[in-house]
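Here is a quick tour for anyone opening this structure for the very first time. Have a look around, then read on.

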Amino acid sequence: MSGASLPLAPAPAMAASGRRHLPFWLGAVGVAVLLFVALRAIGNDYGYFAGYFILQYVVLATAWNILGGYAGYVNFGAAGFMAAGAYTAIALRKATGLDLLPGIAAAATVGALLGLGTGYLTLRLRGVYFSIATLCLAVVLQTLVVNWDYVGGSRGAYIVRPREVAPFTSYGEYLFLVMLVLAVLAVGIARTVEVTRLGRGLQAIRDNERAAEAVGVPTLRLKLIATALCGALMAVAGAPLPYYSGYLNPEGAFSLAYAVNAIAMPLIGGAGTWAGPVIGAVLLGSLQQAATVTISSALNLFIVGWMLVIFVAVAPRGILGWFRRRR
Amino acid sequence: MDGDLVLLLNGIVSGLLLGGLYAAAAAGLAVSFGMLDIVNIAHPALMVAGGFLVVLIGTALGLDPLLAALLLAVPFYFLGVAIYTFYHHFFERRGDEALQGLAFFFGVMFIIEVGLVMGFGPEQRFLDPPYAFITWRIGEIDIPLRMLAPALLAMAAIGALWLFLRRSFTGLAISAVAQDAEALRLMAVDPVRIKRLAFGLSVGLAAIAGGALVVVQPVEPSSGQVFIGRVFAVCIMGGMGSLPGCILAAFLFGVVENVTASFYGPSWSPAVAFGWLLLVLAVRPQGLFGKLA
């Protein structure tokens, strides 16, 4: 707590909160356990299904936030990265018969490499070019997958999922737990990034890249680390997708819904803080889950689009920013 | 003549014609992205929306799609003015272009696409003018009017825009705002008014490009996605704000894509766009014909 005695007003507060790692992890694990126990008590498979849906967006939105929220670089290719993860899992299973967990690890590797490659080619330019490149990346990956017969091409691929995994009552429960662990890890990673030198460097890049470069922040290296991390987490969010739905075609995997949600959720929740994407994902995710059940799915995407436009215009700091100003 | 050579020649000619369409699509972006520095990623979506409306108007009034597109360019101009006014008020004025502004255009793109799916359904729409089935033959080379007419319209529209930018006071002011908005203010010209006008023009061009698109191929709500890579690649290759550069890059791009399609199959053509874009960004970000900004 030595930082707190310094006269600098905002920085010591941040540094102090940065040291409270243990309470955060305990709290996060506690919330996760509570969630799992509650759903288990309800014992309905739909609960796991809806829970998974929201948690995958927690991972996706958190991943987007690492690059978009902290560094201010917009990644439009969330659907592409996610599908890359999903198809990595499918290909791995077809080639070696390995199951979900190795698939997630492989997806993380592929996603990181993909992010690194795109970043390396475009991040030396203005951020806009990176955004445009990621926008096209999704289209091109889709072209590749459609032309790749091994993973089913445009017809799609089936994954026969096991009925159950040893200690769990259903496979849905197992998948939910896997996603829950991934979500806690993703949020934890994002928070660690936020409070360490990496996050400070990224925030400096966001506020003024030239000034950051001038005072010795290794901008390109930090951006590449963030892109790789972001790509890996997005691919991880997608890896269990074929197991979740049992069938995956390029249209479903590259759905625009992922791309728009990955951006809308952090921005609506409050980009640049670890809690923002979580709030946004829980809010928008449950809204969409409810709307899909009651209204049509095209309409709920329409609503998300409008919410994104209205929020970035009226509340550019998101829901969290709202609270901060009121305080 | 040798079969492969004929295929190649035909590929080049129809690539040039296709390039006309790409030029129309990218010219609007050259104005908004290149000159005004507004990253309008919704431009291809606006073009596709234009295509749908052209089909609607053309069918209702029995008009030629290209004529309908010219009529539609007027309301699209005002749509562009409205979008810019909103964008300026909420993002440009506050200096939030980089993150929030981009997200705004992404949201607009998304709303247009989902709106089209809801309004028209996901299936393809087309409107074939009578000349669409005529093909001129010069030797072994086919020149389908379906491709030629839109390309000519595109060239005419871009030519008119170029003259406007070079000869009229307002046009010169648009070129000036691209270089130094503050200096323009010192000349007692309101840069915001000029940018509003120019952005309106760029969206009007999207309507014309949409009409051209409808003649060339059927449109569906997701057509815009494939065009994002293409138009940005063309725009950046052409050196951002330069209209002649944009046309040249579009022709080159059309030829490369079409030759790839005729030799390796059309399903690979979107990959060509991305490959080019990445290559240009990595090797020559100032464009093939541009100077370093």
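## A first look at chain B

In chain B, take the contacts between residues at least 6 apart in sequence: 78% of them join residues at least 24 apart. Here, two residues are in contact if their C-beta atoms, placed from the backbone, lie within 7 Å.

A word on the ground rules. This is a predicted model, where local features need pLDDT of at least 70 and side-chain atom pairs count only at pLDDT 80 or more, while totals for chains, interfaces and linings use all residues. Residues are numbered from 1 along each chain as its sequence is written, and chains are lettered from A and ligands numbered from 1 in the order in which they are written.

Chain B has 11 helices and two strands; these are DSSP runs numbered from the N terminus, with helices (H or I) of at least four residues and strands (E) of at least two. Read from the N terminus, the order is α-α-α-α-β-β-α-α-α-α-α-α-α. The radius of gyration of chain B is 19 Å, close to the 19 Å that the globule rule gives for 293 residues, so chain B is as compact as a globular protein of that length. That radius is taken over C-alpha atoms, and the rule is 2.2 Å times the number of residues to the power 0.38. Along the principal axes, the C-alpha atoms of chain B fill a box of roughly 65 × 45 × 35 Å.

Of the 293 residues of chain B, 52% count as buried. Buried means 20 or more other C-beta atoms within 10 Å of a residue's own, exposed means 12 or fewer, and partly exposed is in between, with C-beta atoms placed from the backbone.

Now for the two strands. E1 (residues 135–138) and E2 (residues 141–144) of chain B pair in the antiparallel sense over four bridges; pairing takes at least two bridges found by DSSP. B:Trp136 has B:Ile143 in E2(B) as its bridge partner. The two strands form a hairpin with two residues between them, and B:Gly139 in the turn has a positive phi of about 65°.

## Where the chains meet

The contact draws 36 residues from chain B and 37 residues from chain A. On chain B's side, H4 (97–120), H9 (223–237) and H11 (269–283) each supply at least two residues, and H4(B) gives the largest share, 16 residues.

The largest nonpolar core has 215 residues, and those with the most contacts inside it are A:Leu60 and B:Ala26. Such a core is a set of buried Ala, Val, Leu, Ile, Met, Phe, Trp, Tyr and Cys residues joined through C-beta atoms within 7 Å. Helix H8 (residues 191–216) of chain B gives the most to this core, with 15 residues.

B:Asp37 has a phi near 60°, a positive value in a residue other than glycine. A:Val165, leaving aside neighbours within four places in sequence, is in contact with A:Tyr171 and A:Tyr174.
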